Amino acid sequence: MNKPNVLFLTIDTLRADRLSCYGFPSPITPNLDRLAAHGVRFEQAITGGSWTQAAFPVLLTSSYAAGYGGCLGPLAAERPAPIAALAAHGYTTAGFSTSPLLSRTYNYSRDFRHFVDFIPDEKEPSLREMRGGQKLLRQPITHVVMKSLGVQTRPAQLYVSAEKVVDGVMDWMRDAEQPFFGWVHFMDVHWPYHREETLTRPAEIARAWRDLSHLHAANWYGATISPAEKAHYIELYEQAVRFTDAQIGRLFDFLEQSGRMENTVIIAVADHGEEFLEHGRWGHWENNLHDEILRVPLLMRAPGVSGGMVVSRQVRTIDLMPTVLALCGVPPVDGMAGESLLPLVGKVGNYTAEVSISEMWRDEWHIIAVRTENHKLIWDSRRADSPELFDLRADPAERRNIAAEQPQMVAALKTHITAHMQHVADTMPADAVIAPDLDDEIVGRLRDLGYME
Ligand SMILES: [Zn+2]
């Protein structure tokens with residue numbers, strides 16, 4: 001059989017519970033649902049990191065975020081390189097990135113022959129930098145006046161939209177030699193959720209500016225989020241999910257029309273979810289390792305794997321690159337920490353992982369979640385002697401810490417933390433990781449995306 005193509009789709013910040021195939025009552029994801037119907041849906045897929053920089057080394061290199069000197073700097077050269085292994089076995093490889101944290105600056109181009117950094121080229125309205133300008137931008141009248149003067153006052157795009165990304169991917173696929181591996185990242189579901197390019201009415205534009213400053217105040221200074229504001233943000237979020245799904249649908253149509261669908265592996269996964277105040281905050285705070293963040297949608301369609309299958313046991317995003325290599329007939333790469341998922345979808349072999357490790361890592365601060373299908377232990381280096389234990393069957397919302405009641409379970413799960421810390425120490429590179437130089441453009445986008453105060 002011909003080696004299959006692979007499309008590896010990563011959707012930033014997508015909660016599993018917003019997909020109809022995961023039980024969302026409103027059909028806002030018909031195309032991802034179509035993927036589930038023709039492929040495998042993993043009911044309990046756990047990401048290895050609680051935010052983009054911790055999640056992506058896991059997804060693309062099958063190595064833990066805190067390993068190899070950590071995840072805040074550029075992707076370390078020492079990490080395993082499964083995508084480069086695909087290239088060495090005859091694959092055309094291309095990466096399409098839309099997040100500043102996954103850009104060439106952070107060395108995410110490392111393993112790709114062809115790499116596109118989608119960077120929005122819009123400038124913020126100059127009013128924003130003027131004294132009192134932010135206040136004015138939150139008033140509709142400002143936009144009425146500025147519109148009459150022909151001045152553009154909506155917020156600048158923080159990332160390139162899924163529509164442009166899909167256009168770029170289709171342009172590449174038209175001429176790409178097969179077999180190919182394409183990684184495509186979508187940012188539209190990420191805060192601030194707005195599709196800025198569609199904002200035209202003064203009231204809408206003013207609202208968008210108010211949303212931006214309110215969420216920033218809520219994230220960094222504890223401003224409250226009212227039920228009405230919560231409903232508004234969720235509505236924006238769901239519109240972004242619907243939009244992203246529709247664009248992904250265009251990719252699927254293209255594969256079908258060009259006769260490539262049958263020989264293409266498609267994987268769709270999120271790097272992490274999003275918290276809607278479940279544990280008191282909004283967004284994907286890196287220190288939240290609860291399931292609204294860790295449990296991500298994971299769908300996979302592959303030649304020879306029957307459609308409509310549901311895998312209910314726990315799997316991990318660290319398993320995805322080993323799975324891709326197995327599907328492509330490429331031997332495993334040294335150092336990968338995951339296992340192929342193919343034994344779970346009817347192929348030979350055993351899948352043995354009972355425990356997933358997810359983490360938040362920042363130089364001196366490390367939080368680790370050890371999760372089994374029944375329990376989760378969350379250990380925080382800042383209060384190392386008082387880990388939290390949750391019973392995921394009896395308490396799926398993770399409200400009641402039962403660590404004091406179950407010391408034996410705590411001790412058993414803690415052994416995985418000890419082993420993980422050893423692994424982190426063993427993979428530490430000899431030279432310290434150098435932080436990348438960030439220009440003003442990246443710093444501005446990171447601030448507006450919520451990563452900096
Ligand atoms: Zn992310």
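User: What is the bridge partner of Gly95 in β5?

Analyst: In β5, Gly95 is partnered by Trp183. This is a predicted model: local features need pLDDT of at least 70, side-chain atom pairs count only at pLDDT 80 or more, and totals for chains, interfaces and linings use all residues. Residues are numbered from 1 along each chain as its sequence is written.

User: How do you know that β3 and β5 pair?

Analyst: Two strands pair if DSSP finds at least two bridges between them. Strand β3 (residues 92–97) and β5 have 5 bridges, in the parallel sense. So they pair.

User: What makes β1 and β5 a pair?

Analyst: The bridge count does: β1 (residues 5–11) and β5 share 6 bridges, again parallel. Phe8 has Trp183 as its bridge partner in β5.

User: Why is β5 called a strand, and what makes it mostly covered?

Analyst: Strands are DSSP runs (E, at least two residues; helices are H or I, at least four), numbered from the N terminus. Buried means 20 or more other C-beta atoms within 10 Å of the residue's own (exposed: 12 or fewer; partly exposed: in between), with C-beta atoms placed from the backbone. Phe180, Gly182, Val184 and Phe186 point one way, while Phe181, Trp183 and His185 point the other.

User: Why are β12 and β15 called edges of their sheet?

Analyst: The open sheet has 4 strands in the order β12-β13-β14-β15, with antiparallel pairing. Strands β12 (356–362) and β15 (388–391) each have a single partner strand, so one side of each lacks a neighbour in the sheet.
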